Amino acid sequence: MNKKILIDAIGILLIALVVVVGYKLSPILLPKADLNVQPEAGCDLHKQACVAQLPDGGRVELSSSVLPIPMVKPFKVQVAVSGLKASRVEVDFTGIDMNMGLNRPVLVDQGGGRFVAEANLPVCITGEMDWQATVLIESGNQRIAIPYRFSGVPH
């Protein structure tokens, strides 16, 4: 009887540990934003840079150094920010229909509102996949999220 109680107690402690770790990691895995902005409709990241206008008049542009955006080959992702003082910029690449793991490069400030990082998207073994590149900008005490969607074409 005591052995069963001990096993049950260990099980409950393990479940509690998983809940606590999940809670602590949730801001990293699922970033929260104070302001969500939609980019201009119809923009195709495979063909050109895409822009989002911020409500206060600022502007954010996302672009890739290689067009179309390649799968499994490194490319530079670039974010240009104007009308806003950004202290940190990240781009969170997520698969729309399939979890492809955490892929969120932190961009390096190049000055003049330009941020750059090297990125690499994995290829989906099932074929073409839809992606979302969410630009995450920290400005003062505000976090802005701009989701750009595009299709991944296997190369």
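1. Burial first: of the 155 residues in the chain, 36% are buried, where buried means under 20% relative accessible area, exposed over 50% and partly exposed in between (1.4 Å probe, protein chains only). Please keep in mind that this is a predicted model, in which local features need pLDDT of at least 70, side-chain atom pairs count only at pLDDT 80 or more, and totals for chains, interfaces and linings use all residues. Residues are numbered from 1 along each chain as its sequence is written, and side-chain values use heavy atoms, with hydrogens and water left out.

2. On the overall layout, the chain has one helix and nine strands, in the order α-β-β-β-β-β-β-β-β-β along the sequence. Helices (H or I, at least four residues) and strands (E, at least two) are DSSP runs, numbered from the N terminus.

3. The largest nonpolar core has 33 residues, and F93 and V135 touch the most other members. Such a core is a set of buried Ala, Val, Leu, Ile, Met, Phe, Trp, Tyr and Cys residues joined through side-chain atoms within 4.5 Å. The elements that give two or more residues to this core are β2 (50–53), β3, β4, β5, β7, β8 (129–139) and β9 (142–152). With five residues, β8 gives the most to this core.

4. On a 1 Å grid over the protein atoms alone, a cavity is a set of points where a 1.4 Å probe fits but cannot get out, and lining residues have an atom within 4 Å of a point.

5. Which residues line the largest cavity? They are L45, L62, S63, S64, I69, F75, V77, F93, A133 and F150. Two or more of the lining residues come from each of β3 and β4, and β3 gives the most, with three residues. By class, eight are nonpolar, two polar and none charged; Ala, Val, Leu, Ile, Met, Phe, Trp, Tyr, Cys and Pro count as nonpolar, Asp, Glu, Lys and Arg as charged, and the others, Gly among them, as polar.

6. D92, in strand β5 (residues 88–95), is buried at a relative accessible area of 7%, and its side chain has a polar contact of 3.5 Å with that of R104. R143 belongs to strand β9 and is buried too, at 16%. The side chain of R143 contacts those of E138 at 2.7 Å and E90 at 3.2 Å. A polar contact is a pair of N or O atoms within 3.5 Å; within protein, one must be able to donate a hydrogen and the other to accept it, and residues adjacent in sequence count only if both atoms are side-chain atoms.

7. The loop between β3 (59–64) and β4 (75–82) contains P68, and the peptide bond from L67 to P68 is cis, with omega near -5 degrees. V72 lies in the loop between β3 and β4 as well; V72 has a positive phi of about 55 degrees although it is not a glycine, and counts as partly exposed at 47% relative accessibility. Most residues other than glycine have a negative phi, and most peptide bonds are trans.

8. Strands β6 (residues 108–111) and β7 (residues 114–119) pair in the antiparallel sense over three bridges; pairing requires that DSSP finds at least two bridges between the strands. V116 in β7 is the bridge partner of V108. Two residues lie between the strands of this hairpin, where G112 takes a positive phi near 65 degrees.

Technical notes
1 Å grid on protein atoms, 1.4 Å probe; cavity = no way out; pocket = protein on both sides within 12 Å on 5 of 7 lines; lining within 4 Å.
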